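Trainee: I have not seen this structure before. Can we go through it in questions and answers?

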Amino acid sequence: MPSYSVLSRRRVCAPNRTLFWLAIITTVIVSAHSLLFYTRPDYADFTSVTRIKEHLGWSAPEPLTPEQIIHKLAVQYPSNSTKRANAVLLMLARNSDADGAVSSIKELEDRFNKRYQYPWLFLNEVPFSDEFKQKVSAAVSGTPTFGLIPSEHWYPPEWIDEDLASANREQAAKDNVPYGGSLPYRNMCRFNSGFFFRHPLVQPYKWYWRVEPDVHFPCNINYDPFLMMEETKKVYGFTITPLEWPKTIPTLWPTVNEFIDRHPQYLAHPNSMNYLSDDGGETYNRCHFWSNFEIADMEFWRGEAYTAFFDYLESKGGFYYERWGDAPVHSIGAALFARKDQIHFFDDIGYLHYPLQHCPRHESVRTALECVCDPNGSYDYREESCLQKWEDNLFAP
C-alpha cells in the first residue's frame, strides 16, 4: 500500500501538470495572435475591439441623417395607423377672419390633416356667423365645432382700473408698440395665456395645435406630431423663437422673479433659464417661443405650477396695465416649469406667419417633404432670432 506522503505528492503533481500545459497552450496562442496582429493587417482589423463589438452588436449606431430621421418618424407615427392622440386643431378667430381661416385650414389639411383626420375647434368672443361656419365647414376634414368664449374669460376683470389701463394703451399707441392701443388684443393675450384650455369644449382634449388665420404650411408633415410628443414625453413644441418688444413687458420679469422667490418648488430641473436670461435670472433677455404656432400638452397648462403662475400674473394686472403677451407668458412658464428635454423644436415643420418664416434647414428634408419655402428667408439664425440661444441652452449644465 502506498504511503500517505506518496499519495499527497501525486495529488499535488496532477494539477501542476495541468497548469503547465495550460500555460504552454496559452503562450502559443498569444504568440500566434501577436505575430498575426502585427504582420497581417486584415487579421488585426478582424480581431480589433471595435470589430468585435460590431459582431456582438455592442457598437454605438451611426447617427441618423435628417432625412432618415423624418423617414423614421413617418414609420413610427404613420397616417395609416388607427392610433390617434386625444388632440384637437384649435383656432381663435373672428367672423371677419373667414377667408384667412379657410386659407390656413386648406394648407394644413393638404399637408397633414387629410391623412390624420384630427377634429377642428373654433372659438370666438361673439357667436360665429352662418357665413363663417359654412366656409369653414367646407374646408375641414369631418365636422368642425364652434364655441363661444365666456365673457369672464375674455373681458377685463372688474377690479382692473380702466383709467390706468386706458392711459397705458394711449401711451403704447404713441410709442408705436404693435397693437399697443388695442383692448381686444389684450383680451386675446390674457385668454390665450390662462383660459383657452379651461373652455368647456376644449376640456375633453389633452393636446392642441394652435392654428391662426392667414398662416402657411409650406412642407408636408408626414408623421403625427401629437403621438411623437406624447410618446417622447414632450409638453411643448415650437417653430420660431424671436425677441419680445421691451415696452410691452416692463414689469413682467420682476413679477416672474417674485413668483419664483415665493414658489421655488415649481422650478423644473434642469430647466431652461439659460434660454430666458443671460445673467442667471437677474434680467429677461426677451427670448420667447412664437405662440401663434404651438403644439402642446394642455395638462401642463392645467397643472399646479402653471396655474399658480398665471394666477399670480393675473393678480398684477399686467395684461391690461401693460401689454403682456401670451407668447412670453407661455414661454416663461414652459421654460421654467418643464424640463428642457420636454420642449421640442419642430425643425421639420415649415411655417410662415408674416413676416416671420421657418423653413427646414436641410435640403434633403425639404426635398423629401416637398417644401416650397426658401431657407434663405428663414428666421432661424437671424441676429434677432433666439434659436441659437435655445440650442445652446439644451447643452448647458
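Mentor: Two strands count as paired if DSSP finds at least two bridges between them. This is a predicted model, and strand 4 (residues 207-210) and strand 6 (residues 294-297) pair in it over four bridges.

Trainee: In which sense do strand 4 and strand 6 pair?

Mentor: Strands of a sheet pair through backbone hydrogen bonds, either parallel or antiparallel. For strand 4 and strand 6 the sense is antiparallel.

Trainee: Which residue of strand 6 is the bridge partner of Trp-209?

Mentor: Strand 6 covers residues 294-297. The bridge partner of Trp-209 there is Ile-295.

Trainee: Which are the edge strands of the open sheet?

Mentor: Seven strands form the sheet, with mixed pairing, in the order 3-2-1-4-6-5-7. An edge strand pairs on one side only, and here these are strand 3 (145-148) and strand 7 (343-345).

Trainee: Are helix 11 and helix 16 roughly parallel or antiparallel?

Mentor: The axes of helix 11 (residues 252-262) and helix 16 (residues 326-337) come within 12 Å and cross at roughly 30°. Angles under 35 degrees count as roughly parallel, so helix 11 and helix 16 are roughly parallel.

Trainee: How many nonpolar residues does the contact of helix 11 with helix 16 have?

Mentor: Helix 11 contributes Leu-252, Trp-253, Val-256, Phe-259 and Ile-260, and helix 16 contributes Pro-328, Ile-332, Leu-336 and Phe-337. The contact has no polar and no charged residues, and its nonpolar residues number nine.

Trainee: Over residues 37-46, under what value does pLDDT stay?

Mentor: The protein averages a pLDDT of 89. Where pLDDT is low, the predicted coordinates should not be read in detail. Over residues 37-46, pLDDT stays under 50.

Methods. Residues numbered from 1 in each chain as written. Predicted model: local features only at pLDDT ≥ 70, side-chain atom pairs only at ≥ 80, totals over all residues. Heavy atoms only, no water. Axes fitted to C-alpha atoms, helices over the stretch in contact; angles between N-to-C directions. Helix = DSSP H or I, 4+ residues; strand = E, 2+ residues; numbered from the N terminus. Parallel < 35°, antiparallel > 145°, perpendicular 65-115°, else oblique. Contact = heavy atoms within 4.5 Å. Nonpolar A, V, L, I, M, F, W, Y, C, P; charged D, E, K, R; others polar. pLDDT = per-residue confidence, 0-100.
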